Amino acid sequence: ERSGKQDSLSQKQNASNGAGGKSDSEKKERRRNRRSRVKSGSTGSGQGPPALKLHIGNLSYQTPPSRLFDFFASQYGRDNVLECHIPTERETGKSRGFGFVTMPEAAARRVLADNLSPQIDGRVVKIAESNTTARTNTNGVTVGLNTLSDRCATCGYRPR
């Protein structure tokens, strides 16, 4: 009886180890391809419209990214909110009081043009175009630099 258990155990291990003819490198390649297919996006064409990242300031420390997403989705449509991110402190894991919302460029320009001061979790938030990154399209490819900057194009100096 004991040798029967060992045989079935070794069969399970062989099945899980892929003794069915696939080498470890073939499995890794397959996993790598699977991951890259997922990252490339599900839009079919692979190229989405250009997107802008908005900086959302003065957030409550208790505001989760899901609430930020729900707010912008209710105001501008679920399809117009591509990503929401609220940075946290490494040591404590607490919110840093601001966040980012990535939207298609047309929708983001509409948000900026509306010039609203909405309330999220009882705090009036400030919405501005983020200056942390270049503009990107929806699958993360850099489209061009953010030209709406008050810094000198040559040296980066910001006059007061």
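Reader: Which residues have the most contacts inside the largest nonpolar core?
Author: In this predicted model, the largest nonpolar core has 19 residues, and those with the most contacts inside it are Ile56, Leu59, Leu68, Phe72, Val101 and Met103.

Reader: Which elements each supply at least two residues of this core?
Author: They are β1 (50–57), α3, β3 (99–104) and α4 (105–114). Of the core residues, five come from α3, which gives the most.

Reader: What is Phe72 in contact with, leaving aside its neighbours within four places in sequence?
Author: Phe72 is in contact with Ile56, Gly77, Val81, Val101, Met103, Val111 and Ile127.

Reader: Turning to the rings, how many aromatic pairs does a search of the whole structure find?
Author: The search finds three aromatic pairs. One of them is formed by Phe72 and Tyr76, a stacked pair with 6.3 Å centre to centre and 25° between the planes.

Reader: Where do Phe72 and Tyr76 lie in helix α3?
Author: The helix covers residues 65–76, and because Phe72 and Tyr76 are four residues apart in it, about one helical turn separates them.

Reader: Is Tyr76 buried or exposed?
Author: Tyr76 counts as buried, at 10% relative accessibility. Phe72 also counts as buried, with a value of 0%.

Reader: Which residues do ring pairs link into a cluster?
Author: The cluster consists of Phe71, Phe72 and Tyr76.

Reader: And what about Phe98 and Phe100, how are their rings placed?
Author: Their centres are 5.7 Å apart and their planes are at 85°, so this pair is edge-to-face. Both Phe98 and Phe100 are buried.

Reader: What lies over the face of Phe100?
Author: Lys53 does, at 5.4 Å from the ring centre.

Conventions. Residues numbered from 1 in each chain as written. Predicted model: local features only at pLDDT ≥ 70, side-chain atom pairs only at ≥ 80, totals over all residues. Heavy atoms only, no water. Phe/Tyr/Trp six-rings, centres within 6.5 Å; stacked < 30°, edge-to-face > 60°. Buried < 20%, exposed > 50% of the residue type's maximum accessible area, 1.4 Å probe, protein only. Lys NZ or Arg CZ within 6 Å of the ring centre and 35° of its normal. Core = buried A, V, L, I, M, F, W, Y, C linked by side-chain atoms within 4.5 Å. Contact = heavy atoms within 4.5 Å.
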